[in-house]
Structures are given as structure tokens and as C-alpha cells.
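Let us walk through this protein together, one step at a time. Keep the 3D view open and follow along as you read.

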Amino acid sequence: MIPDSTPTLPASSAAIWPTSDWTRIVDRLATDRHVILPGILPAACWQALRAEAEQLQAGASFREARIGRGTQVQQEKAIRSDSLCWLEPQMPAGGAYLRWMDGLRDTLNRELFLGLAEFEAQYAHYPVGAFYKKHVDRHRDSNARVVSAVLYLNPDWPVAAGGELVMFDEADQEQFRLSPQGGTLVLFMSADMPHEVLPATVARWSIAGWFRTRS
Ligand code: OGA
Ligand code: MN
């Protein structure tokens, strides 16, 4: 038999993905520069994403995070210590997530005229103690990333476990802290909002994604 390096993915296409009305959410994003949406996805959907992420990791599809892009790419353990796997359209759960977020992309373009050409996203695994120091998602040499979207995949996250997302405003004042509770989606403007991931005492799973223009 020919060895297959692709791990078997869970049969997650059975999860019912909602047809979300993003119009009011997009209005709030425009006003506040961020929006927090607890429980926006049925548990079956984000649990399928979590299961898929764990299978991909077991199949060695995750890579250590790198900072920057192109020639600036460097492995920088002092800045972040998570590992990542890009979502692909053919993944049963990941592909469904990409298509669900395309509905949000359409609404962002229609209501806010953002001209977003695509949505890209990565599964992220933060082992115990892992972190991502304060940063902005927009790359130094590109303004392609316009809106960031992070979905959390941790059932029953203990409040005492840490692992919060800490958000700052443009003046570097702390705005809020968010526990990575499963099913919560946070959207924010990629250029405006510095943020940081605090270390946790349990493993932390999420999907970090970006709506981007073609430039
Ligand atoms: C990122 C990021 C936040 C989080 O991957 O760029 O900031 O809460 N993630 O996982
Ligand atoms: Mn970020």
C-alpha cells in the first residue's frame, strides 16, 4: 500500500453551518473597530474544527510560527511560541469555515466597501506556557490585511487558566481582555489594534484569519 501522509480527517461535514446575517455585526465593527461574538457558531461546528486541528497536528501538519514574510521571515521564539497549519478549502471542517467567512467577506465589501479579495486562516496551537507578544496583524511592508478574525476552539476554558487575548487601542491603552472560550469569534481592524496572547496553563486552540486585499 502507498503510504498516505494526509491524515484522515473527521467526518465533520455533518455539522450544520449557519447562514449568518453579518450586516449588524459589520456596522458595529465599523463603529468600534472590533466586535466580540460569543457563541456565534453552533458547538458542533467549532468542535469539528477543533477535532480537525488535533488530527492535523497528530499528522505532523503544524509548523512553528514565523514572524514577518518574504526575506524578513525568521523564527523568533521570543515573540511567539505557537504552531500553525493553514486551512485549505478541501478540509472538511476548515473548508466549511472558509466558506462561512466568505459570507462575512461579501458583507464587509457590500456595506463598508473594503474591497477584500480573500480570507486566509490558520489553525493555531499554543502549548502550555506559549504566548504571542504585543503586535499588529498588518505586515510592515504590506497593507493587505484589513480585518482580523479569531475563533476560539476551547470547550470550558477555565478562567484561571490565563491565555487571554489582550487588546490595546492606538494609544497603547488596554481596551479589553478576552478568554479564549470555544465558539467566541472576535473581529478587529488589522492595522489599528495592537494585541497580545498571554501564556496559559492549558493548551490553547484557535483559528486566526485575515480578510485581505490583493496588494
Ligand atoms: C494572531 C493572534 C490572537 C489569539 O495569530 O495574530 O493575534 O487570541 N491571535 O489567538
Ligand atoms: Mn495577531
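Two strands pair if DSSP finds at least two bridges between them. Strands here are DSSP runs of E with at least two residues, helices are runs of H or I with at least four residues, and both are numbered from the N terminus. This is a predicted model, where local features need pLDDT of at least 70, side-chain atom pairs count only at pLDDT 80 or more, and totals for chains, interfaces and linings use all residues. Residues are numbered from 1 along each chain as its sequence is written, chains are lettered from A and ligands numbered from 1 in the order in which they are written, and side-chain values use heavy atoms, leaving out hydrogens and water.

Start with the sheet. It is open and built from seven strands, in the order β1-β9-β6-β11-β4-β3-β2, with antiparallel pairing. At its edges lie β1 and β2 (63-64), each of which pairs on one side only. Now find β4 and β11: these antiparallel strands are joined by nine bridges. Glu-120, for example, has Trp-210 in β11 as its bridge partner. Helix α1 lies across β1, β6 and β9 and runs at about 135° to β1; such angles run from 0 to 180 degrees between N-to-C directions, with axes fitted as lines to C-alpha atoms, for helices over the stretch in contact.

Next, look inside. A nonpolar core is a set of buried Ala, Val, Leu, Ile, Met, Phe, Trp, Tyr and Cys residues joined through side-chain atoms within 4.5 Å. Buried means under 20% relative accessible area, exposed over 50%, and partly exposed in between, using a 1.4 Å probe and protein chains only. The largest such core has 43 residues, and Leu-49, Tyr-97, Tyr-123 and Leu-185 have the most contacts inside it. Helix α3 gives the most to this core, with eight residues. A second, separate core has nine residues, including Phe-188 and Met-193.

Where does His-125 sit? Its place is in strand β4 (residues 118-126). His-125 counts as buried because its relative accessibility is 10%. Its side chain joins that of Gln-57 through a polar contact of 2.8 Å; a polar contact is a pair of N or O atoms within 3.5 Å, where within protein one must be able to donate a hydrogen and the other to accept it, and residues adjacent in sequence count only if both atoms are side-chain atoms.

Finally, find the manganese ion (ligand 2), coordinated by His-135 (NE2), Asp-137 (OD) and His-195 (NE2) at 2.1 Å. Donors are N, O and S atoms within 2.8 Å of the metal (3.2 Å for Na, K and Ca), and sites may look incomplete, as water is not among the atoms. Both His-135 and Asp-137 are buried.

Technical notes:
Contact means heavy atoms within 4.5 Å.
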